[in-house]
Amino acid sequence: MVATPIGNLGDITLRSIRVLEACDGVACEDTRVTGKLLKHLNISKPLWRYNDHSDTKDRKRLVESMATRAVVLVSDAGTPLVSDPGYRLVADARAAGVMVTSLPGPCAAIAGLTLSGLPNDRFLFAGFLPAKEKGRHDALGDLAAVDATLVFYETAPRLIRSLEAVATVLPKRSVAIARELTKLHEECRTGSPGALIEHYAAHPPKGEIVLLIAPPTGTLTEDVDTDAMLREALTEMKPSQAAGLVAKASGKDRKTLYARALELRSS
Ligand code: SAM
């Protein structure tokens with residue numbers, strides 16, 4: 001596996017270039033994207049399209065060919081397998097006794113984490129948040145008690161909706177938005193979910209994004225305003241669902257929260 005640039009084409013290691021020059025062919029997500037990178041590096045190699053949904057037979061054939069060919073796996077950008085195809089190929093190749101190795105390099109999650117200024121002694125990378133609102137709320141609720149910085153991949157069109165979910169489920173957390181990393185318009189903006197919603201509503205974001213959420217500080221629940229969370233949740237869901245969501249996010253008792261949600265709804 002060879003990690004490739006996530007924007008700035010200078011971000012490829014000397015060893016990665018040597019391995020790409022020496023290999024017999026490159027398995028990639030999109031031959032046009034990888035073709036451009038190889039052209040930039042003055043390297044010409046056969047390109048084979050691969051993703052984890054590829055036919056099992058195609059994967060088997062690719063693994064079998066590794067008995068006599070040195071195959072490089074790349075993704076469109078960054079580190080293969082990190083929210084990108086490859087884990088089935090790696091698992092099958094290792095099971096077949098093929099020597100597999102990983103050449104480290106760019107990874108948006110790590111670049112975003114290091115730039116964010118959020119605690120990085122413990123972090124949890126959780127890929128993309130679900131596309132549907134309930135899924136997003138549930139996913140954040142499930143991660144609410146994790147004592148680590150949470151790292152997500154995000155897209156520009158969905159950023160505000162994801163921030164709204166953070167504002168509902170984890171309203172007290174600091175959030176960082178790392179955008180267009182290693183590119184001309186790189187920016188990293190930190191603030192409360194509410195402040196970031198305001199900013200991006202006024203300046204619609206473009207490009208690629210990593211969304212990071214600070215860990216719960218000290219005691220998770222004491223300073224959490226569960227009334228505010230319930231009020232916000234009640235604008236979108238029934239009291240029982242709101243109580244469940246806030247219970248997950250705050251660690252407080254679901255029955256008490258349900259009783260309070262009923263009071264708030266009728267007040
Ligand atoms: N495997 C890649 C890696 O190692 O970073 C990630 C692939 S994933 C399909 C694509 C997502 O990574 C984008 O939607 C975005 O969230 C993030 N990403 C990739 N490049 C980025 C960049 N230059 N700046 C910010 N985020 C980036």
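A residue is called buried when its relative accessible area is under 20%, exposed when it is over 50%, and partly exposed in between, using a 1.4 Å probe and protein chains only. Helices (H or I, at least four residues) and strands (E, at least two) are DSSP runs, numbered from the N terminus. By these terms, strand β5 is mostly covered, with 6 of its 7 residues buried.

The model is predicted: local features need pLDDT of at least 70, side-chain atom pairs count only at pLDDT 80 or more, and totals for chains, interfaces and linings use all residues. Residues are numbered from 1 along each chain as its sequence is written, and side-chain values use heavy atoms, with hydrogens and water left out.

The overall layout comes first. The protein has 11 helices and 8 strands. Its C-alpha atoms fill a box of roughly 70 × 40 × 30 Å along the principal axes. Of the 267 residues in the protein, 45% are buried. The domain assignment gives domain 1 (9-95), domain 2 (108-213) and domain 3 (226-266). Such bounds come from an automatic or database domain assignment. Taken over C-alpha atoms, the centres of domain 1 and domain 3 are 48 Å apart.

The ligand was examined next. The ligand is surrounded by 19 residues, and T79, V82, D84, A108 and I209 are the closest. Domain 1 and domain 2 both give residues to this shell, so the ligand lies between them. The shell divides into 11 nonpolar, 3 polar and 5 charged residues. In this count, Ala, Val, Leu, Ile, Met, Phe, Trp, Tyr, Cys and Pro are nonpolar, Asp, Glu, Lys and Arg are charged, and the others, Gly among them, are polar. Two strands, β5 (149-155) and β8 (208-213), each supply at least two residues of the shell. Strand β8 gives the most, with 3 residues.

A backbone N or O atom of T79 lies 2.8 Å from an oxygen atom of the ligand. For A108, a backbone N or O atom lies 2.8 Å from an oxygen atom of the ligand. For L181, a backbone N or O atom lies 2.9 Å from a nitrogen atom of the ligand. Taken alone, the ligand exposes 570 Å², and the protein buries 90% of that. These areas come from the Shrake-Rupley method with a 1.4 Å probe; for residues, only the protein chains shown count as cover.

The strands were then compared by their pairing. Two strands pair if DSSP finds at least two bridges between them. Strand β4 (residues 123-128) and β5 pair in the parallel sense over 4 bridges. In this pair, L124 stands opposite L150 in β5. Strand β6 (residues 175-179) has two partners listed here. With strand β7 (residues 187-191), β6 pairs in the antiparallel sense over 5 bridges. The bridge partner of A178 in β7 is C188. With β8, β6 again pairs in the antiparallel sense over 5 bridges. Here I177 stands opposite L211 in β8.

How β6 is covered was also examined. In a regular strand the side chains alternate between the two faces of the sheet. Both faces of β6 are covered: V175, I177 and R179 are buried on one side, and A176 and A178 are buried on the other. Because 5 of the 5 residues of β6 are buried, the strand is largely enclosed by the rest of the structure.

Single residues complete the picture. E187 lies in strand β7. With a relative accessible area of 19%, E187 is buried. A polar contact of 2.9 Å joins the side chains of E187 and Y200. Such a contact is a pair of N or O atoms within 3.5 Å; within protein, one must be able to donate a hydrogen and the other to accept it, and residues adjacent in sequence count only if both atoms are side-chain atoms.

S16 is found in helix α1 (residues 14-22). Its relative accessible area is 0%, so S16 is buried. A77 is found in the loop between β3 (71-73) and α4 (87-95). At 32% relative accessibility, A77 is partly exposed. The C-alpha atoms of A77 and P106 are separated by 8.2 Å, although these residues are 29 residues apart along the chain.

Terms used
A residue is near a molecule or strand if one of its heavy atoms lies within 4 Å of it.
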